[in-house]
Amino acid sequence: MTLPSTSPRCRHRLAGEARSAWWIVASVALSVWISLSVSAAEPDAGVLRINRLCLLGTHNSYHVAPDPFVARLIASATPAEARAIDCTQRPIPEQLGRLSLRHLELDCYRDPDGGLFAKPLGLTLAGAVGQPQALEWQDELAKPGIKVIHSPGFDFRTTVPTLEAALHEVKAWSDAHPRHVPIFLLLELKSDAYAPPQPLPWNDEGFAELEATILAVFPRERILAPDDVRGDKPTLREAVEGIGWPEVDAHRGKIVCLMDNEGGVRDAYLANSDVLAGRLLFASVAADHPAAAFMKRNDPQGAHDEIRRLVDAGFLVRTRVDAGLEEPRQGNLGRFERALSSGAQLLSTDLPEPDARFPGYVITLPLPPGEDRP
């Protein structure tokens, strides 16, 4: 098969499909190609840059499916949402180790005084009808600090209740496997809810708490931040466009923090510096923006050609290979295939391993280059 010289590709396996044999053959070629990572025609031939990686990760990486009672409550109001959230992810260390995932998504709510989300409405309603349930993280939710949950009132179950705890899990795994490629943490800063209490907005105070929480766990030298990518260039865009991100080997053992938000929260984060000077998170912006280095394009079908252009220009792109569990239910790998052919480097899924409910829907990528299997 012919491979473009400018777009990264990934190996994958399709189980239970008539096309499986063809894709297995393609996997071999793609695996060899990704290990080379660049074309010999490029000026830095032989150098593996971060934007040449192709990494699988999870959407809502902390998520635990609601218990049956709360699931029925959600389904009575929003059936589509109930279908979309019917999945549970492994604990973060198992995702990094057993599944070799290298990017995670965490939904973050401010809770500077503690206890704001310690009594979710779904749990109260369960108790009111004689189905009392224990909330595993009650003590942790009562403490001050940024909380990691999907929706405070009903979809509140999580494998890790706080951002600090999630970061400690990532760091412990990273410390034990220092040769890993950078781990990408996509942080969605949330301030909405379907039920009381009303979450706090994200503002300068919240951003300061967010960055202080990150730095309390990871020392600055273990974080690849916008200043590091920009280097001596005036803007992030000029640092990466036509060149790409820094070399992988120079940043093994580190994390990269990305902001999932667009719109007002992102703009507020950019307000002090349109090149993110001094900031820890990269922001998803337009390709001509001074802070352009990372873009979120979640629809690899509708945005396929745009993603290819962004990748070819040296930018890092995150996309989703499935959404709402619809593709697994349909046994439809078309979205995954489009994500692969777009060249997007960060591929996010709700289903990083086989699920008996969805036979035939299997997605795998090779172990990241330069790593030994844990």
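Buried here means under 20% relative accessible area. The structure shown is a predicted model.

**View 1. Strand β5 and its burial.** Strand β5 covers residues 255-259. Five of its five residues are buried, so the strand is largely enclosed by the rest of the structure. Ile255, Cys257 and Met259 point one way from β5. Val256 and Leu258 point the other way. Residues on both sides of the strand are buried.

**View 2. Pairing of β4 with β5.** Strand β4 spans residues 183-189. Its pairing with β5 is parallel and runs over five bridges. Leucine 187 has methionine 259 of β5 as its bridge partner. Met259 belongs to the group that points the way of Ile255 and Cys257.

**View 3. Pairing of β5 with β6.** Strand β6 consists of residues 281-283. It pairs with β5 in the parallel sense, over three bridges. Leucine 258 stands opposite phenylalanine 282 of β6. Leu258 is buried and points the way of Val256.

**View 4. Helices α12 and α14.** Helix α12 takes in residues 304-312, and helix α14 residues 334-342. Their axes come within 8 Å and cross at roughly 30°. Angles under 35 degrees count as roughly parallel. The two helices are therefore roughly parallel to each other.

**View 5. Residues at the contact of α12 with α14.** From α12, the contact draws on His304, Ile307, Arg308 and Val311. From α14 come Arg338, Ser341 and Ser342. By class, the contact has two nonpolar, three polar and two charged residues.

How values were computed. Residues are numbered from 1 along each chain as its sequence is written. This is a predicted model: local features need pLDDT of at least 70, side-chain atom pairs count only at pLDDT 80 or more; totals for chains, interfaces and linings use all residues. Side-chain values use heavy atoms; hydrogens and water are left out. Buried means under 20% relative accessible area, exposed over 50%, partly exposed in between (1.4 Å probe, protein chains only). Helices (H or I, at least four residues) and strands (E, at least two) are DSSP runs, numbered from the N terminus. Two strands pair if DSSP finds at least two bridges between them. Axes are lines fitted to C-alpha atoms, for helices over the stretch in contact, and angles run from 0 to 180 degrees between N-to-C directions. Angles under 35 degrees count as roughly parallel, over 145 as roughly antiparallel, 65 to 115 as roughly perpendicular and the rest as oblique. Contact means heavy atoms within 4.5 Å. Ala, Val, Leu, Ile, Met, Phe, Trp, Tyr, Cys and Pro count as nonpolar, Asp, Glu, Lys and Arg as charged, and the others, Gly among them, as polar.
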